[in-house]
Structure formats: C-alpha cells, structure tokens
Amino acid sequence: MEVVLLGTGSADGWPNPFCDCRSCRWASAAGEIRAQTAALVDDTVLIDCGPEVPRAAVRCGRTLAGVRHILFTHADFDHLGPAALLMRHWAGRSEPLQVLGPPAVVTQCRDWVGPDDPIEVREVAPGDVVALSTGHTVRVLAAAHTDALGGAAVLYDVSRCDTRILWATDTGPLPAATHSAIAGAGFDAVFLEQTFGTYTGHGTAHHDLPAFRRTVTQLRESGAVHQHTDIVAVHLSHHNPPGVELAQALAVSGARAGRDGEVIRIGGVPWSSRSVVLGGVRSGKSAYAESLLTDEPRVTYLATGGARPGDREWVERIQRHRARRPKHWHTIETVDVAVELRTADAPVLLDCLGTWLTARMDRHEIWDGGPLDAVHADIDELVAAWQQCGVPAVAVSNEVGSGVVPDTASGRLFRDLLGVLNMRIAAVSDHTVLMVAGVPVQLPQTGVSP
C-alpha cells in the first residue's frame, strides 16, 4: 500500500497565515508549510478532500483522475470541499466514483453531484464494513469528535492484501468502542491527529501531546500498534513547538510528524522517503537495506567502496554483494554521492557511508594532516543532498559507538567523524534501523543533529 500525505496541517494549516508566533515564524523560515490534512492511498482512494486538497495533489505530482472512492471523516470545512466533485464533472470523468461519509457529509455532497454524474454518495456509520472496488476493505470506526460545523466524525481502518492502516483525524482520545474494535489489529501505520501540541486547555475533541501519548500507549497495550508500526502525527497546528522540539516530544511515543508530500510505502517493515540502516560488522545491515527495495521496479545502487587491486577478500565480498542484488538494479560506483542523490529518478540505495567517508578523507589527505574543514564541507553537502533527494532513499552505515576505542589517532578521528555523519543523516531521515544479530530494531526519530 502507498500513502501520499497531501497535507498534514490543521484547519488553519501551519503556519497560520495570520499569525507571527514563534512556531509560525519557525515553520515559515524552515519552509515547513503544512496544508489541510488529507491522504491519497494507492492513487485510487482519497481520504478527506478539503478545498486545498485538489491543488495539493497537483503540487505533489499526483493526479486524482484514478480516484474511485473518497472517504470523508466529517463535514468540517478543512475536510470537506464538495466543489471537488464539480471539478471532476468539468474534467468529463465518466468512471464511477463512490463517496462515503457520515450524514452531514452526504447532505452537502449531494448538492454538488450532477444528474448524469456516475457518483454514488453513501452514508456510513461506526461498525460498517465496506468492500471497495479497488480491493481495499474499509471498517468505519467511532471518533470522539462532534461539533456544530461538521457534525459527528468517523475514523477509517483501511486494509488491502496483508497491509493495514488506521486513519484517525479529527478525534480526541478514542472511544472505548473504537479501542475494542481495533485491539490486536497490528496496524502497519497509524495516522493520528495531534492538533494542539503543548496547549492542553483547548477544551475540544482533539489530541494535544499528553493525550496523544496516552492514546498511543493504549494502542500498544491492546496490540493495535506493534514495535514496527509507523506512527505518524497529522493535523498539526501552530500550537505545536518548532521542529526539533516536536520531534523529541513525539519520539517519546515512538512517533514522528508527517510532512506534506511525503510518500509512505507500507508492507513489511515500514519506511518512507529516507531511511538509514546502522549495524556492526556482519550484522545483516546491507541485506536488510536491500530487502526494503526489492519490490521497486527500478533501483539505483550507489556503491562507495570502489576497487582495491590485489585485495582478494575485498573482491570476493563485492562479488557476493552483486550476486545478491536483483539483476535489474543499476549500480554506480562513485564517491560523488551528493550529485547522484540530487539527480536520482529512481529509488536509491547508498552502501555505505563508512566507505564514502574513508574515500573523502583519502581525497583530502587527512591521514597526512590535510584540512578537516574540507571533510566537514563534504559532510554538509551530503546531508543537504540527502534532504533534497526526490526519491525514496536508503543509506547503510557502520555503527561505531559500541566498539572499543581505536588505538591510533587516525582510527579515533575516523570513528568520531563517522559518528557525527551517522547522527546528522539519522536526524534528517524518516526511519533509523539498528541491526543486531540480523534483527532490525526500529529506533525513535528525534530530529536532533549535532
């Protein structure tokens, strides 16, 4: 299953365009602009469609032409923009479209459906199970959210094949009936609203950070969430603290903040646009990193190790790696990784950061007293390119923090620099995995960079 986050903000977005608080100033300066929350699933199922969503899809490089079902959670203005149905009519779409939602949604949408439009508007309620034409199964759940604007809200449990997600916005702490209905679900991903951040006096049916933590704890205790569930906070507002502070607060729950335009591919171990896999020697890190991309039709493999003439063991190691990779993967042997990341048009596997760092230190003759500033500049460039990479990317690196202290100055310098590089890459990645004896351990994201 693929989920594209078309928006991750609250009704007024983040930053609020009329606000100059610390949080809004940070978001503007950092370019973290969040529009009204919505998601596109497998290019065929749209979850919520507020007035900003059709244009957000275009900005994300997606078309809504293939959408066959729209799941509306409720009728608040940021979740329901029925004019989208008129836009579809103007485009001359003749394929059937099913619109699902609670009563207030149905009432508003019917006024926007033309007499000849192939659109079915269907009312749903908690407890309903709907089989979609796209192969998805939707279970409707109760939300803790009712207001004068949008009426009662519902949540959606969406599954397809062996993947399953929970879409939970807008809602306060989940009703007991909902916890009961999803106990043991073992969701691959949970998209849980977290509107009010550190502001706990809002008195509304939404989550703030303390309530979010309590809900996630309940989901873990019931088995709805497991160790590898990707817990993504959405419907974020300027009541939340700026970037690193929010990342640290969410990490307590093993969660992270979603980003507008983020593409999340769900199946097996969750990962989204940028993942880093750390581990010691023979921990299984390369094989695991490769497994994350085995379903991709095209992959660019950035091999940073290079050739070592006369080193038979190294040659055999490289041959084993090549034999394990799918034949259709394209391998590029280079240490100019930043250029490849910025121009990549297919998912990238970078293996590994340790050999890349060694090559850069060689190039700048660091072992003979060369300028360290040059290596730090290379690290800055790599981190920036990693952030700018427009395709899913996985990096492999050696975890150097658990070994013995090297007995040479050059060894200690390499260890320190690789530790810094690992921390900086992890801080701007969506997922960090530590391999221990072949077992992947998902680490919480903190967004903290040295």
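Contact, in these legends, means heavy atoms within 4.5 Å. The close-ups below come from a predicted model.

**View 1. Helix H7 and what lies over its buried residues.** Start with helix H7, which runs over residues 243-251. Leu 246, Ala 247, Ala 249, Leu 250 and Ala 251 of this helix are buried. What covers them? The cover includes helix H6 (209-222), together with strand S12 (230-234) and strand S13 (255-257).

View 2. Is Ser 253 buried or exposed? With a relative accessible area of 7%, Ser 253 is buried, since the limit for that word is under 20%. Setting aside neighbours within four places in sequence, you will find Ser 253 in contact with Phe 212, Arg 213, Val 216, Arg 220 and Ile 231. Take Ile 231 from that list: 22 residues separate Ile 231 from Ser 253 in sequence, and their C-alpha atoms are 8.5 Å apart in space.

**View 3. His 235, a residue with positive phi.** Look for His 235 in the loop between S12 and H7. His 235 is not a glycine, yet its phi is positive, near 60°. How accessible is His 235? Its relative accessibility is 2%, so His 235 counts as buried.

**View 4. Asp 42, another residue that has a positive phi without being a glycine.** The loop between strand S2 (38-41) and strand S3 (45-47) holds Asp 42. Its phi is about 50°. Asp 42 has a relative accessibility of 19% and counts as buried, because the cut-off for buried is under 20%.

**View 5. Helices H12 and H13 pass each other with their axes within 10 Å.** At what angle do these axes cross? The crossing is at roughly 25°, which means that H12 is roughly parallel to H13. The crossing of H12 past H13 is right-handed. On the H12 side, the residues that meet H13 are Leu 372, Val 375, His 376, Ile 379, Asp 380, Leu 382, Val 383 and Trp 386. Their partners on H13 are Leu 413, Leu 417, Leu 421, Arg 424 and Ile 425. Sorted by class, this contact has 10 nonpolar, 1 polar and 2 charged residues.

**View 6. A salt bridge between Asp 380 and Arg 424.** Here the side chains of Asp 380 and Arg 424 come together with 2.6 Å from N to O.

**View 7. Asp 345 and Arg 298 join two loops through a salt bridge.** In this pair, the closest N and O atoms are 3.0 Å apart. Asp 345 belongs to the loop between helix H10 (337-343) and strand S18 (348-351), while Arg 298 belongs to the loop between helix H8 (285-291) and strand S16 (300-303), so the bridge ties together parts that are 47 residues apart in sequence. Asp 345 is exposed, with a relative accessible area of 57%, whereas Arg 298 is partly exposed at 45%.

**View 8. Further salt bridges, among them the pair Asp 157 and Arg 164.** How many salt bridges does the structure hold? There are 17. One of them brings the side chains of Asp 157 and Arg 164 to 2.6 Å, N to O. Asp 157 is buried, its relative accessible area being 1%. Elsewhere, a network of salt bridges links Asp 336, Arg 360, Arg 363 and Asp 378.

**View 9. Cis peptide bonds at Trp 14 to Pro 15 and at Asp 351 to Cys 352.** The bond that joins Trp 14 and Pro 15 is cis, with omega about 5°. Pro 15 is placed in the loop between strand S1 (2-7) and helix H1 (22-30). For the bond from Asp 351 to Cys 352, omega is near 0°. Where does Cys 352 lie? Cys 352 is in the loop between S18 and helix H11 (353-363).

How values were computed
Residues are numbered from 1 along each chain as its sequence is written. This is a predicted model: local features need pLDDT of at least 70, side-chain atom pairs count only at pLDDT 80 or more; totals for chains, interfaces and linings use all residues. Side-chain values use heavy atoms; hydrogens and water are left out. A salt bridge is a side-chain nitrogen of Lys or Arg within 4 Å of a carboxyl oxygen of Asp or Glu. Buried means under 20% relative accessible area, exposed over 50%, partly exposed in between (1.4 Å probe, protein chains only). Helices (H or I, at least four residues) and strands (E, at least two) are DSSP runs, numbered from the N terminus. Axes are lines fitted to C-alpha atoms, for helices over the stretch in contact, and angles run from 0 to 180 degrees between N-to-C directions. Angles under 35 degrees count as roughly parallel, over 145 as roughly antiparallel, 65 to 115 as roughly perpendicular and the rest as oblique. A crossing is left-handed if the near helix is turned anticlockwise from the far one by less than a right angle, and right-handed if clockwise. Ala, Val, Leu, Ile, Met, Phe, Trp, Tyr, Cys and Pro count as nonpolar, Asp, Glu, Lys and Arg as charged, and the others, Gly among them, as polar.
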